[in-house]
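Let's take a friendly walk through this model together, with an eye on aromatic rings and backbone angles. Have the sequence and the 3D view open as you read.

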Amino acid sequence: MPAYMDLEQDLIDEIAVAAEGHSDSSRTSLVDVVRGVTVEEGDTFSLAKIVVATRAMPSQSLREPPCLAFLAVTVMAAEEMGKAGEGLAPHAYYARLARLLGLVDQDAALQKQYRQHAELLWKRVNKWLENLEGGRGIPTAFALTHRYVGLPISQALVRESDRRRLSFMFVQYGLSPGMRLAPEDLKPYLDMWLTSSSSATSSNLRRLWSRSDSRDRIAAIAAVELASWDGGHPDAQNRHAGGRAILVANMRTGFLGSSFDLSLALRPTGTQMNGRMEIFETAGKWSAIAFVPGAAGIWRTSYTEELDFGSILDGLVRIRHANAAGELEYKRYPRRIVPLIYDELQSAYVQADRLQLGLDSLLLVRTTGTSSVAFGTVEEVKKVLSSCARPGFETTTILDGLPAGWTLFTNVQMFTAPTFTKFNELIPLARNQLTVAGGLQIPSRIRKWSTISPPEIRATVQSERFLRVTLVDAENEELIHEWRSDSGTLVTPISGLGLQDGDYQVSLFTGSKTVPTQQASIRLRSGDAVDGLTWNRAPRLTYNLDTPRGLFTASEELGSKIVVDGLSCDGAANIETSCSAKSEISWNGSRTSCQRKRVSIGTPDPTSCVVTGAHHIKLPTWFGGASPKFIEGECTSCGLVKRFPGWAFSNRKLRKENIDKSPHCAITVAQLPPVAEATIEWDAALDALVHLGGGESTSLETVARQLQGSAIFVENFARALETLGHIAIERDPRGRAKRWELSPACLAQTASGQFRLTGGWTRPSISSIKSRVGPGVISRVAQENGPSERLVQSLSAKDLKFIAELEEAAIVPDSGAVLLKALPRLSDVGAAVDRISLPGFESAERFNLASATWIPTGDVSNAGAYRIKRGFEKLYIYRNEADVKEGSAAVAGPHLTKHLAANAIGKTLTFYLPHTEEILTPLGCQLPGLYDRAAVAFAGHLPLPSLVKVSGEQRRCLSYKSIDQKYADLLTTLLTT
């Protein structure tokens, strides 16, 4: 949340109690303390002591800056502004500050020293809050105008109760959570809201708004609040919109092809959200559906393959809390055009009411319905985007996951608003916009990006032709670069500037103005500058193999016999080899296809406005008088809300002339560089995790979704880094990630004799290695499905020890063999998995060991691996003979259940090719847990996709390389006996 030095009286009283003050007035006591430090003999004002103490603190310090008390008094002076009866002008600030400190109104030293040092002091407070990564809130002390006085006023002008009420306005006017609008663009909405008789605001804020000198500052505060708003204000949503369901989308590309993944999401209006919901099916019944928490108050479905998203887009979606008939429902009404805006917090595209300037967007456009309406809609959208969007947008109607009857517009970035279109969804709210987007954003309460993959700057100005953008070092205000444009738009990457870890400020200037229209911060971080806060809070995770459960989950419980930490292993199980790895394939039966039945949610009326495009907008009655700035109406059929300019109804001829105009814009977008496909590399992602050090699984997911957005990739991303030994993951009994930690740095020897760098290595350490033993000693080998391998050639024991000492790294010879010798038998793992009573289900599939595929079944009474569905939830369970007798089942991850089923009959899903020294397993059946890590450690890279001919057909497999016969036999023994 935004943090303000908002000095309510009860808060100052608490401070006085904590400071053991004994004055009758806590405010007087605070002022006396500050006066004792700033006012010397002869009533001479000086900030020297405070400034010296503040400068002496390291810029990365987590301690409170010593200037806080003085700045609190400056805010108290700002609170007194506007009051009458003091013999001072309402805007007189310095005189009020002087009176608080017992000085004369026109004290020249106070004004001079305040102007000289105020920005430094507030900057240090902002920096302190940033160093705490938002633990005490997000900094808000910024001034676009009135450089010095504007800083304390930004804290004092709008009280906390009024700041909270701003969410009413955001909801009422369809503003999206996290929008970064310029204060100038918020003024019309604030004016409508604060002058409306139905506005949920205080008389004090109305009075402040009536003063022209306060409007800029109130708008700036509203802009900060909107940028930090997560959409969650229960009263605001109930008051204006009721519960709302929205769409969340991700684009996925990979060796299996491209796809468009949709899911449903909610912003709960109450505090009793547990994720257990019900959705109304077309068949007329309520069915259970689960939602999982995401960032910024959004809950979303974690699985979507059972949902028919064609019906969701076409029909009315109704969702309610489980067993809550008659309670508030969350609804989603169908739309002809669905804008989806990229949300940095979600790392996904989230449904919005309209497009926004400069942001990455998708557009879903209906192509079914009345042919003329469908064709006209797509063509008008293309026409608008051609003149108003950055070049490079694309359209498609055929894409895995895209429902039939819809066109998807990708790579959409609007840079200006069309002068007229009947589709409100294509008209951005802002006129001038500075956007910092793209690159790899590191999960944090404070916005920050990867230094390796920084963002780009996008600016558009519709009020002027000329714009100027500056980039300065936030610490010393040194100008780094300046860009100019006379076309009203500008797009520039900052990756070529060679910026290092640090804080930077971007400012947008329009026309000949010297005061910025909008500002934004760019904080760059890498693994070279770790986040001390998250590192200290990260759990210390190792794999405790004293219990077989440690094979598939790390924990904070330290084992006494066998512990695996990264690629380092302490202890060994020393299970004797009793089986031989063979090339025979146990799953050579014919594959069976399993046709999934998707659940339909709603079917629209073919005569409805969603299909025909003929909305029936109900407008308020006009009783004469001046036209309002905006007129708001709602479609009586689909609930679509549209806002029209008041002038459009005051002159019908003018209105018709505007309708006849073709969409065009005031600025030219054709000269902008085309939108490039966003590509973030694995190496940047791993470096971001080195910076974070560990934390909840949500931070791991946020990084993963920026590479590819699908839930499948998120799981594969985490598993890949865990398998390579870079991170440790604590998992729940179902195999889902809960927490993670960066593994210690390690030099792990592969079967080729080279040593692989795993875990928390930093770039300075690697540079030191190169300077000590030569630049060619470390080779970087790019990988398609994971981070690059960093291999160290064979070195002397002395050089190897030097390298290890740089990061206190462990040296592990023959890492694959050492780890494999420490692992338990798979049968012991199966016995240790927690059991539950056999859950009920609606449908089930059994894993057919003869073909390594899932086949439908209605009987789960036999031993084996099953995938069961209840509502929209899927569970993977394994049952042995004892489970069948006791009516129980083991809930586990999909890979573990499959291999347990094979183990139960003395078989393995793997086979071995001795001439190439590789173990293969069918795609989707990779080795579970630490078996996977051990097999990968031999070659040092993830298993590679491979095609194998089985029973006359090509089957996709995964190949683990560089495993000789001896250790292939040991792995087979562990998996089968």
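Are Trp854 and Tyr876 buried or exposed? Trp854 is buried, and Tyr876 is buried as well; buried stands for under 20% relative accessible area, exposed for over 50%, and partly exposed for what lies in between, using a 1.4 Å probe and protein chains only.

Before going further, a word on the ground rules. This is a predicted model, in which local features need pLDDT of at least 70 and side-chain atom pairs count only at pLDDT 80 or more, while totals for chains, interfaces and linings use all residues. Residues are numbered from 1 along each chain as its sequence is written, and side-chain values use heavy atoms, with hydrogens and water left out.

Now to the rings. A pair of aromatic rings is described by the distance of the centres and the angle of the planes. Rings of Phe, Tyr and Trp (its six-membered ring) pair if their centres lie within 6.5 Å; planes under 30 degrees apart count as stacked, over 60 as edge-to-face and the rest as tilted. By this rule there are 15 aromatic pairs. One of them joins Trp682 and Phe713 edge-to-face, at 5.8 Å centre to centre and with 70° between the planes. This pair links distant parts of the chain, since Trp682 is in helix 19 (residues 682-692) and Phe713 in helix 21 (residues 711-723), 31 residues apart. Helices (H or I, at least four residues) and strands (E, at least two) are DSSP runs, numbered from the N terminus. Both Trp682 and Phe713 are buried.

Back to Trp854 and Tyr876: they form a tilted aromatic pair, with 5.8 Å centre to centre and 55° between the planes. Trp854 belongs to strand 39 (residues 853-857) and Tyr876 to strand 41 (residues 873-879), so the pair ties together parts that are 22 residues apart in sequence. Elsewhere, ring pairs link Tyr93, Tyr94 and Tyr114 into a cluster.

Rings can also have a charge over them, counted if NZ of Lys or CZ of Arg is within 6 Å of the ring centre and within 35 degrees of the ring normal. The charged end of Arg320 sits over the ring of Trp286, 4.0 Å from its centre. Likewise, Arg468 has its charged end over the ring of Phe509, 4.2 Å from the ring's centre.

Finally, look at the backbone. Most residues other than glycine have a negative phi. Glu808, however, has a positive phi near 50°. Glu808 lies in the loop between helix 23 (797-806) and strand 36 (810-812), and counts as exposed at 75% relative accessibility.
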